[in-house]
Amino acid sequence: MYALIDCDNCFVSCERVFRPDLEGKPVVVLSNNDGCVVARSNEAKQLGIKEGTPFFKLADEFPGVKIEALSSNYTLYGDMSARIMAIVRMYAPRVEVYSIDECFCDLTGMELTFDLKQWGEDLAARIKKWVGMPVSIGIGPTKTLAKVASRYAKTYAGYNKCCVIDTESKRRKALSGFPIGKVWGIGRAYVSKLESYACHTALDVADKPQGWIRMLFPLPFENTWRELNGVSCIDTLHQPQFSRYDNRPRGTAHPHIKLRQPLCRETAPPAQRVQHNDGIYCHQLVPQGPGMVSGYDKRYPAYRIEQHHGAGGGCIGRAGPSV
């Protein structure tokens, strides 16, 4: 199981910690040199202020509305983020900082001894009490499902800041109401293509056959499809991090934690995806043998790269039998 801890309106919330008078008011934080809006309070979102709106347009687009516009203070935001991550490391054995306002936690095995729903609610309450920052926590069997759960926790107050997707019925229910454009890793180009195939929710994509996904989309999209179906295949932590009370050297593996390897389309290392002139895709690998002097892939030195010829003409890629 994975947990995603996401700060609610991070930059605005940081400002409100030291300025309680901003509570309940529409507040925006501006980019460098006060160019455009980079963060909005919930009140500002309800007014219709979009992220990226130039600052000079706010007065014209929202006449007569008092909007608190603040210059960004990244030193403050970084310090508040560090305090939150320190608290999270006290609650989880392995933490991956994803951005200034988000981090993933690997909770593998904790579901056997902890009520994860209560664990998330306690962590959110502790961060709010100690730092003053509101956070939303999503828990799921994959990172993508944890992202989905965190959005529900942020949107609906009934979850009490923590949403858990731990059963098949919860997974299908959560994905059925989740717009495809909000799924982590699916951009606007994919959204328009998916909508042309009548895929409007995350469940519509998750229910598609794997062969259909492979035929129309590249490997990263198939990994997203796997994650939506509960199969973890996005690379997890390369270097485990532990609580500050753990005196093991940084980077030393915990004896009871087995690092997971990222899944790919097959069990072999990921190969270059080659498209021949006739539109046929293939994934090709071959172990290095004696006397091979072709170029090497720095990530996988056991595989050589050479020019080869397939259906429709020659191309450059890893030579060998199709995987």
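**Exercise 1. Find which residues ring pairs link into a cluster.**

Solution. Start with the rule: rings of Phe, Tyr and Trp (its six-membered ring) pair if their centres lie within 6.5 Å. Ring pairs join Tyr190, Tyr197, Trp212, Phe217 and Phe221 into a cluster. The model is predicted: local features need pLDDT of at least 70, side-chain atom pairs count only at pLDDT 80 or more, and totals for chains, interfaces and linings use all residues. Residues are numbered from 1 along each chain as its sequence is written, and side-chain values use heavy atoms, with hydrogens and water left out.

Next, look for charges over rings (NZ of Lys or CZ of Arg within 6 Å of the ring centre and within 35 degrees of the ring normal). Lysine 193 lies over the face of phenylalanine 217, 4.7 Å from the ring centre. Lysine 208 lies over the face of tryptophan 212, at 4.8 Å from the ring centre.

**Exercise 2. Classify the pair of tyrosine 152 and phenylalanine 178, and say what the pair ties together.**

Solution. Planes under 30 degrees apart count as stacked, over 60 as edge-to-face and the rest as tilted. The whole structure holds 15 aromatic pairs. Tyrosine 152 lies in helix α6 (residues 143-155) and phenylalanine 178 in the loop between α7 (168-176) and α8 (188-195), so the pair ties together parts 26 residues apart in sequence. Helices here are DSSP runs (H or I, at least four residues), as are strands (E, at least two), numbered from the N terminus.

Now check burial: buried means under 20% relative accessible area, exposed over 50%, partly exposed in between (1.4 Å probe, protein chains only). Tyrosine 152 is buried at 12%. Phenylalanine 178 is buried at 3%.

**Exercise 3. Describe the order and pairing of the open sheet.**

Solution. Two strands pair if DSSP finds at least two bridges between them. The sheet has 3 strands in the order β3-β2-β4, with mixed pairing. Its edge strands are β3 and β4 (68-71), each pairing on one side only. Between β2 and β4, which run parallel, there are 4 bridges. Valine 27 stands opposite glutamate 68 in β4.
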